[in-house]
Amino acid sequence: LKRCQISMDMHHIEKSFHRIKNTIQMKDVFQNVTILSASETLYNITPSDVCCMTKDVLGLYVDKVFRNHEESDPRIQRGLSTIANSFLHIRNALEQCKNQRNCDCQKEATEKFQIIVGNYEQMEVKAAAIKALGELDILLSWISRNYRPKATT
Amino acid sequence: APCVSSGLPKPINVTFSSVNMKNVLQWNSPEGLRGTDVVYTVQYLIYGQKRWLNKSECRNINRTSCDLSYDTYDHEEQYYGRVKAIWGKHCSKWAETERFNPWLETQIGPPVVALTPGEKSISVVLTAPEKWKRNAENNSVSMHQIYPTLKYNVSIYNTKTNKKWYKFVTNHTLEFPQLESDTLYCIRVQAYVPGPRRKAKPSDNQCITTLKDQTSELKVK
Amino acid sequence: DEVVNLPAPPDLSVHSTNMKHILTWSPVTIPGETVNYSVEYQGEYERYYTSSTWIPSSWCSSISTPECNVTDDITATVAYNFRVKATLGSQSSSWSTLKELFNRNSTVLTSPRMKISKDGYHLIVEFEDMGPYFEFNVTYWKKSPNSQKELYKIVREGGNLVHLETMEAGAEYCVKAQTIVEVIERSSTFNQVECIRAQDESPL
């Protein structure tokens, strides 16, 4: 993200997820399956691919994951709304970077993103959505580590 | 012979307690079985992998904790732990933790703080806490390497003026110049990582007296 | 109970200062009755991706005052809409919504309240705690007839006495500050400059 500097609110997104993490993860009964498993996909993405990988994964969440999950508990609804709207803001900003050719994917990153999509689409729609929501801590940690706020004195 | 899964109550409050990636599974004994010779058996699962794995060192133990640091060493993964109670031929169902994410949930321990008093200054050298090591011979991994944004919140309390103030630093050495000589100052340091509410243990309060002012000493002689 | 035509609460608007957002509306008055209100919100995501669902506000389901602190609902830098309905017993009015959507990047930012002090030769600054979104850009300099070299420091949070500089004996130092809200990429104007003089060299 370094070439494509956008203002993120990672601290509050992480706080929102932290409040609903256990409730969401308990609904995921497939403990032996993972969509975002760090070691296969998000691990050692080159810095130049971080922007496009972020844009694509956020796009998966915005276009599919949040939509495929129905939630009746207002507390969870509010937490997910914070994250969905924040992802939407970030993805829209990254789209503008793409238009300025600052956010292109190289082959390896595209392949890794396809692994994620494959993992997601192997599962039944609702089970996949709840698992992907439960793995937001993996995604948020990865984004935090690849995006450093401006150095201070 | 395998125990019979009967109505034995499950262990309760099964959680991971983690400081500097030393990850210990702990639980409370089930209601109604306290004080009896109940024993416990532990398993763990690496999230996304197929099978639950036995922790051989924690089979049929009577304590209510089990160190899983070795098995949960990769802090990029997430884990579950589970424990069941065994009493004679009867055993309870498994009691499971929530999904445990060491990178997010470990508590950052206090740094090592070395103070050196000067006449009107105090030098502070900080050593970042280290990640739990699989064995003593292994190279140390500093928590600073795992959390590059790790910072230190250093507080200094002047016992004469009763004022306390803070310095937020990223490097490991700092000096408090222009202090008052022959004065007791107390310093406490907390390592912290900006981001989600990660718990952090501050160091103990260390108090030290700045040296006497040599020049005024000579005058007095 | 007697059927009363409950009008939708009019004049919905959001007043926002320093990232605290208050939704207000004009009250619906029914003589001798207490009218309650319920508030719901939707962000850009709910409007375009989930067939316009609405989410109950964190703090304002069935309240009797015509205002609601929606700070905990507006948690992304996108356009939000709010709707309010009046209820009286089992009867409910229709919903009224904002005339204009609200985005938190339009919040009014005031310059920060600041206190400078010293502990011997040490210049100390303290800011009011303005909440988790706020950092403080502090500019300070030593007063001197010829040059005036400005230094900067970012103070991450308010509510603490933070060391700014080790002062030279007898010198005067001046400080000014502005707030920075990174999530909306804006900052306030600078506050009033404050100056303080370091103690003279301690007598031998």
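Visitor: Why is B:Asp182 called partly exposed?
Guide: This is a predicted model, and in it B:Asp182 has a relative accessibility of 38%. Buried would need under 20% and exposed over 50%, so B:Asp182 at 38% counts as partly exposed.

Visitor: What makes the pair B:Asp182 and B:Lys212 a salt bridge?
Guide: The rule asks for a side-chain nitrogen of Lys or Arg within 4 Å of a carboxyl oxygen of Asp or Glu. The side chains of B:Asp182 and B:Lys212 meet at 3.8 Å, N to O, so the pair qualifies under the 4 Å cut-off. It links distant parts of the chain, 30 residues apart: B:Lys212 is in the loop between β16 (206–209) and α3 (214–220) of chain B. B:Lys212 has a relative accessible area of 44%, and so is partly exposed.

Visitor: In the salt bridge of B:Lys55 and B:Glu57, how do you know which residue is buried and which is exposed?
Guide: The two side chains meet at 3.5 Å, N to O. B:Lys55 has 7% relative accessibility and therefore counts as buried, the cut-off being under 20%. B:Glu57 has 53% and therefore counts as exposed, since exposed means over 50%.

Visitor: Why does the pair C:Lys115 and C:Glu126 count as a salt bridge, and what does the pair tie together?
Guide: Their side chains meet at 3.9 Å, N to O, and the limit is 4 Å, so the pair counts. C:Lys115 lies in strand β9 (residues 114–119) and C:Glu126 in strand β10 (residues 122–127) of chain C, so parts 11 residues apart in sequence are tied together. C:Lys115, at 57% relative accessibility, is exposed, whereas C:Glu126, at 22%, is partly exposed.

Visitor: Why is C:Glu185 called exposed?
Guide: Its relative accessibility is 57%, and exposed means over 50%, so the label follows. C:Glu185 is found in the loop between β14 (172–181) and β15 (186–187) of chain C. Phi of C:Glu185 is near 55 degrees, again a positive value in a residue other than glycine.

Visitor: How do you know that a salt bridge crosses between chain C and chain A?
Guide: The rule finds one across that interface. The side chains of A:Asp9 and C:Arg104 meet at 3.0 Å, N to O, within the 4 Å limit. The interface also has 14 residue pairs in polar contact, with both residues at pLDDT 80 or more. On the side of chain C that touches chain A, α1 (44–49), β4 (55–63) and β12 (151–155) each supply at least two residues. α1(C) gives the most, with five residues.

Visitor: What makes up the contact between chain C and chain A?
Guide: There, 27 residues of chain C are in contact with 28 residues of chain A. The two chains bury about 2200 Å² between them, 51% of it on carbon and sulfur atoms. In chain C, the residues losing the most area are C:Tyr45, C:Tyr49 and C:Glu182, together 31% of what that side buries.

Visitor: How many salt bridges are found over all chains?
Guide: A search of the whole structure finds 23. A:Asp28, A:Lys131 and B:Arg99 are linked in a network of salt bridges.

Note on methods
Residues are numbered from 1 along each chain as its sequence is written. Chains are lettered from A and ligands numbered from 1 in the order in which they are written. This is a predicted model: local features need pLDDT of at least 70, side-chain atom pairs count only at pLDDT 80 or more; totals for chains, interfaces and linings use all residues. Side-chain values use heavy atoms; hydrogens and water are left out. Contact means heavy atoms within 4.5 Å. Buried area is the accessible area (1.4 Å probe) that two parts lose on being put together, summed over both. A polar contact is a pair of N or O atoms within 3.5 Å; within protein, one must be able to donate a hydrogen and the other to accept it, and residues adjacent in sequence count only if both atoms are side-chain atoms. Helices (H or I, at least four residues) and strands (E, at least two) are DSSP runs, numbered from the N terminus. Buried means under 20% relative accessible area, exposed over 50%, partly exposed in between (1.4 Å probe, protein chains only).
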